[in-house]
Amino acid sequence: MRTLLSAAALAALTLAAAPTALAQDTPAPEGARVAFSSPAPGSIIYGSQVHVIMYAEGVDIVPAGTDEPASGHHHLLINTEYEEMDQPIPADDRHVHFGGGQTEMIITLPPGEHRLQLLLGDQNHVPHDPPVMSDPIFITVKRAAGYMANGRME
Ligand SMILES: [Cu+2]
């Protein structure tokens, strides 16, 4: 019985310690923030190419995998919201990683209204704690004048 109790006590201790031991949250640098320099909120963009320029202050923008305090890399959320802030940000059409430490990129979007948001990730692509993210912006992409659905110019 004594052994059982000890095992239980040990398990309780291990469980209590687990959240701290497993958490890989990188603390957000003091005063860090990210924002869109481009496009401007409410922009109407003709064509399909959107020039995204990502602003950051209070944090160094570095390539993914860089183990450096107060640093991170940009992620662009396209028409999605990310809520699993203790998990690595997935990489797909809606979660674009700028793992090279880029601060601007031309992306291609289909016609329509799009929600864009920036979310900083640490060296392991996990959001900081608390997350460093921009306000969402909404832009509208329209076909360039003269561009026909069949791909031919008028
Ligand atoms: Cu990433």
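Predicted model: local features only at pLDDT ≥ 70, side-chain atom pairs only at ≥ 80, totals over all residues.

Biologist: Okay, what's the strand order in the open sheet of three strands?

Modeller: The order is 1-3-7, and the pairing is antiparallel. The twist averages 35 degrees from one strand to the next.

Biologist: Which strands stand at the edges there?

Modeller: Strand 1 and strand 7 (104-108) do. Each has a single partner strand, so one side of each has no neighbour in the sheet.

Biologist: And how many bridges hold strand 1 and strand 3 together?

Modeller: Five, running antiparallel. As an example, Phe36 has Met54 in strand 3 as its bridge partner.

Biologist: What about strand 8, which strands does it pair with?

Modeller: Strand 5 (residues 71-78) pairs with strand 8 over six bridges, antiparallel. Strand 9 is joined to strand 8 by five bridges, also antiparallel. Along strand 8, Leu120 sits opposite His74, and Leu116 sits opposite Ile137 of strand 9.

Biologist: Switching topic: which residues touch the most other members of the largest nonpolar core?

Modeller: That core has 18 residues, and the ones touching the most other members are Val34, Met54, Leu118, Leu119, Leu120, Val132 and Met133. Strands 1 (33-38), 3 (49-57), 8 (112-121) and 9 (137-142) each give two or more residues to the core.

Biologist: Leu120 again! What does Leu120 touch?

Modeller: Leaving out residues up to four places away in sequence, Leu120 touches Val34, Val59, Gly72, His74, Pro127, His128, Val132 and Met133.

Technical notes:
Residues numbered from 1 in each chain as written. Core = buried A, V, L, I, M, F, W, Y, C linked by C-beta atoms within 7 Å. Buried ≥ 20, exposed ≤ 12 C-beta atoms within 10 Å, placed from the backbone. Helix = DSSP H or I, 4+ residues; strand = E, 2+ residues; numbered from the N terminus. Contact = placed C-beta atoms within 7 Å. Pairing = 2+ DSSP bridges. Axes fitted to C-alpha atoms, helices over the stretch in contact; angles between N-to-C directions.
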